[in-house]
Amino acid sequence: MSEPDPGLSSGAVVAEPETLHAPPPRLSSPLARLALDFCASRPAVAGLAVILVVAVAAIFAPLIVPQNPYDLAQLDIMDGTLPPGSPSYAFGTYWLGTDVQGRDMLSAIVYGLRISLLVGSVSVAFALVIGSAVGLVAAFFGGGLDSLLMRIVDIQLSFPAILVALILLAIFGNGVDKVIIALVIVQWAYYARAVRGSALVERRKEYIDAAVCLGLGTRRVLFGHLLPNCLPPLIVIATVQVAHAVALEATLSFLGVGVPITEPSLGLLIANGFEYMMSGRYWISFFPGVALVVVIVAINLVGDRLRDLLNPRLQR
Amino acid sequence: MNRILAACAGGAFVLGLAQAALSGTALVGTALADDLTIGLASEPSALDPHYHNLTPNNAAWQHIFDGLISQDAKQRLQPGLAVAWKPLDATTWEFDLRKGVTFHDGTPFDAEDVIYTIRRIPNVANSPSSFTIYTKSIASMEAKDPYTLIIKTEAPRPLLPTELSNLAIISKETCEGASGGDWPKTEDFNSGTLAVGTGPYKFAEFVKGDRLVLTRNDDYWGGKPTWDKVTFKPISSDGPRVAALLSGDVDVIDNPPTQDLPRLKADKNINVYSGLSNRVIYLHMDQFADDTPGVQGTNGRNPFKDKRVREAVSKAIDRKAIVEKIMGGVAVAAEQLLPKGMFGADPALEVEAYDPAGARKLLAEAGYPDGFKLVLGTPNDRYINDEKVAQAVAQFLTRVGIQTTVDASTKSVFFKRRNSYEFSMYLAGWGSGTGEMSSPLRALVATPDKEKGYGGTNRGRYSNPAVDAKIDEALQTLDDAGREKLLQEASDLVIKDYGILPLHYEVTSWATRKGLAYEPRTDQYTSAMSVTQAQ
């Protein structure tokens, strides 16, 4: 039985010359192949470039912007609601104008982006870890535990995210840390469900059986073998969820339950300027709004491209 | 949640603008009928005039009911259902009542109605803010004849006429037993059954959250009221309220947002009327115990017990900048708790000059050369630009070394937290219901004392026996000139002790469509009686 069938092996040899042409030999690593495929889409590359620029600006914000908008001692209300391009006594020019408290809008936007990206990436990272762990455990062990975990996920997903986040923040109070906690709580279920789905498929494949038969520990099977093969959909969801998290944080701050008013994020900047829209002082709301849209669109472009590349059904 | 409404407001606002642009002629059309529609920033919580002592409620009952005495736009006392009143001795007052007045349901008005009204005040169930503060001093009442009322007070009470002007007179014949129990119920006023007064307008319909409709009382004793029908529409969001005015849906709105005033003033189809109010916006500081919840970096000491620190805070704030930049010029920097010119305001006091260097020096003298950390509490939907003013104050304090963060919350949450002394410093406002100085002094700075009705809103728990003594004395002085002098002295003592820090007096605005005029009221009441056809 274990002896190779000579007829079958000769057939495989015949087919070999044809398959050799398909993958170019220099692209051995799947990651490099992914990178090259990714770069084939210009919008996606542009999106990635925007994200990188914003990330660098956000990380080095204190070095590149003229004012720390969160330091009340640096603000002067006599400089309040100045239009874009107005000169300032403290430093050069308010290129994007100031809000009613005398905050330089350019500085405030960069600092706001900082909060947005921090909240987006940290909350997604935590939600990803928690959600994948729950999903893997549910898929691997099945049975009652699976039902229990998935019913919790169902309940979680049946409430609108914004509602749950509003309630949580009403309980916790203001603060970036609390916004992150609230976002993790509303987001983990997406990952749990997605990971469970792909893990159920992978679970039935032979390599998992082989690993179990070899007597590998449960943890090693779960995280060493099952998890890596569930990663493609996870990466896509995580990317798109970063954009969701940024938008959700902006919404919460706009509604006044997110960050403290003396440390505005983009959503709060928009809310602060909102009431001035009709009195002609458009810049207080407008520029933070543009910044928010640009970031979210960029993340979504990257996410869409990744989904195209990592979805086996869409592979050409 | 307010911001959710505000978000919807934006859309409605843009639509409103478009509508206004499209239907410029429609604006003129509504001017023909003698109907008036008013957009209110906040609606009355009930039509029971004795249920809730709150500006929107008091403004509403003035239409349906009359007081024994009325207050004009400047809060001076005018004859109402009483044509004349005088003290017979230190504790006895005589009121001559108006003859021939009937309630809307035809029942005649006499002294028994007044006695019934005053006896009902303490018997209103679940009143969130009771009118008993105005009736506490009354010891006994007697109808000498149907049109002569004698009221005796426990102690000399010069403010009795002012206090009675805050009480709506209800009909004894209509209300007695009407709700089954001993006293009429609030719900029966809201439904309209008992909303029967002697006032210029009659109740027609009250749908809470949507509209209050009144019709003209043709038999009004004070002459024929101007409008056939008056409709109040609550529109709490600023944007939609302005849009409703621009589109012609309403004829008058109250409290147009300060940031829209320049645009409204420039609009040919809109008139804006503004007037100084009796409301002062102030900072109160916890001066009670040696530890205080909202301060850090003082080794557990409460800095505000030191007068030098309070003075430093006052000097650190540029009140004129706040008025100019945050309030858009629609406010007046405050030097005490009631604007000069009103009864008991000290004409000698001046607005504290902005002096950050002096503030730093005082802080260093008081032992805080590096300042300290402070949390400033504020409501974010109660007073005009309250949250923004608090941020500006935080900015000024941070600049002299007091690193201040702002803790803003919605009014119900804020007042609950303030009343449980959660703030070391908070921003709030006080409108003087009586239009004279004893009101803010008693409420905000007199040592809290339930018996005397002192310090009900003194949540900084400031206590100064000299001030208390002056207020005591003033409240027992029947002679107006003597009383005014005592109140001025008390005001002077408090301000010079920095017991409370006044920031500014609110200026209240109303906007009307072209063709109407509004007479601003210091009590901030929005009233159909203040609206006239412009000539």
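Colleague: How far apart do the end C-alpha atoms of residues 113-303 of chain A lie?

Modeller: Please bear in mind that this is a predicted model. The end C-alpha atoms of residues 113-303 of chain A are 19 Å apart, and the span is 84% helix and 0% strand. UniProt, in an unreviewed entry, lists these residues under "domain: ABC transmembrane type-1".

Colleague: Where in chain A does UniProt place the feature "transmembrane region"?

Modeller: The unreviewed UniProt entry gives residues 43-65, 115-141, 153-173 and 282-303 of chain A. In the model, residues 43-65 of chain A are 91% helix and 0% strand, with end C-alpha atoms 28 Å apart. Residues 115-141 of chain A are 100% helix, and their end C-alpha atoms lie 39 Å apart.

Colleague: How many helices and strands does the secondary structure of chain A come to?

Modeller: Chain A has 12 helices and two strands. Read from the N terminus, the order of its elements is α-α-α-α-β-β-α-α-α-α-α-α-α-α. Of the 316 residues in chain A, 41% are buried. Among contacts in chain A with a separation of 6 or more, 68% are between residues 24 or more positions apart.

Colleague: How many buried residues does helix 9 of chain A have?

Modeller: The count is zero among the eight residues of helix 9 (residues 206-213) of chain A, so this helix is hardly covered. After helix 9 of chain A comes A:Gly215, with a positive phi near 85°.

Colleague: Is A:Pro43 buried or partly exposed?

Modeller: A:Pro43 counts as partly exposed because it has 14 C-beta neighbours inside 10 Å, whereas a buried residue needs 20 or more. A:Pro43 is located in helix 3 (residues 42-59) of chain A.

Colleague: Which residues touch the most other members of the largest nonpolar core?

Modeller: The general idea comes before the case. In soluble globular proteins, nonpolar side chains tend to be buried together. Here the largest nonpolar core has 218 residues, and A:Ile109, A:Leu183 and B:Val393 touch the most other members. Helix 5 (residues 105-141) of chain A gives the largest share of this core, 18 residues. Leaving aside neighbours within four places in sequence, A:Ile109 is in contact with A:Leu96, A:Leu266, A:Phe287, A:Pro288 and A:Ala291.

Colleague: How many residues does the contact take from chain A and from chain B?

Modeller: The contact takes 21 residues from chain A and 28 residues from chain B. Several elements of chain B each supply at least two residues of the side that touches chain A, including helix 1 (2-22), helix 8 (238-246) and strand 16 (403-409). Helix 13 of chain B provides the largest share of that side, eight residues. By class, the side of chain B that touches chain A has 11 nonpolar, nine polar and eight charged residues.

Colleague: Why do the buried residues of helix 16 of chain B line one face of the helix?

Modeller: An α-helix has 3.6 residues a turn, so residues three or four places apart point the same way. In helix 16 (residues 465-475) of chain B, the buried residues are B:Val467, B:Asp468, B:Lys470, B:Ile471, B:Ala474 and B:Leu475. They line one face because, seen down the axis of helix 16 of chain B, they fall within an arc of 160°. These buried residues pack against helix 15 (438-445) and helix 17 (480-496) of chain B. The face turned away from the buried side carries the exposed residues B:Pro465 and B:Ala466.

Colleague: How many bridges join strand 8 of chain B to strand 9 of chain B?

Modeller: In a regular strand the side chains alternate between the two faces of the sheet. Here six bridges join strand 8 (residues 201-207) and strand 9 (residues 211-216) of chain B, which run antiparallel. One bridge pairs B:Glu205 with B:Val213 in strand 9 of chain B. The two strands form a hairpin with three residues between them, and B:Gly209 in the turn has a positive phi of about 85°.

Colleague: Where does B:Asn385 lie?

Modeller: B:Asn385 lies in the loop between strand 15 (373-379) and helix 13 of chain B. Although B:Asn385 is not a glycine, its phi is positive, about 55°. B:Asn385 is buried, with 23 other C-beta atoms within 10 Å.

Conventions:
Residues numbered from 1 in each chain as written. Chains lettered and ligands numbered in written order. Predicted model: local features only at pLDDT ≥ 70, side-chain atom pairs only at ≥ 80, totals over all residues. UniProt positions renumbered as here; feature names shortened; annotations may be inferred. Helix = DSSP H or I, 4+ residues; strand = E, 2+ residues; numbered from the N terminus. Contact = placed C-beta atoms within 7 Å. Nonpolar A, V, L, I, M, F, W, Y, C, P; charged D, E, K, R; others polar. Buried ≥ 20, exposed ≤ 12 C-beta atoms within 10 Å, placed from the backbone. Arc of directions from axis to C-beta. Core = buried A, V, L, I, M, F, W, Y, C linked by C-beta atoms within 7 Å. Pairing = 2+ DSSP bridges.
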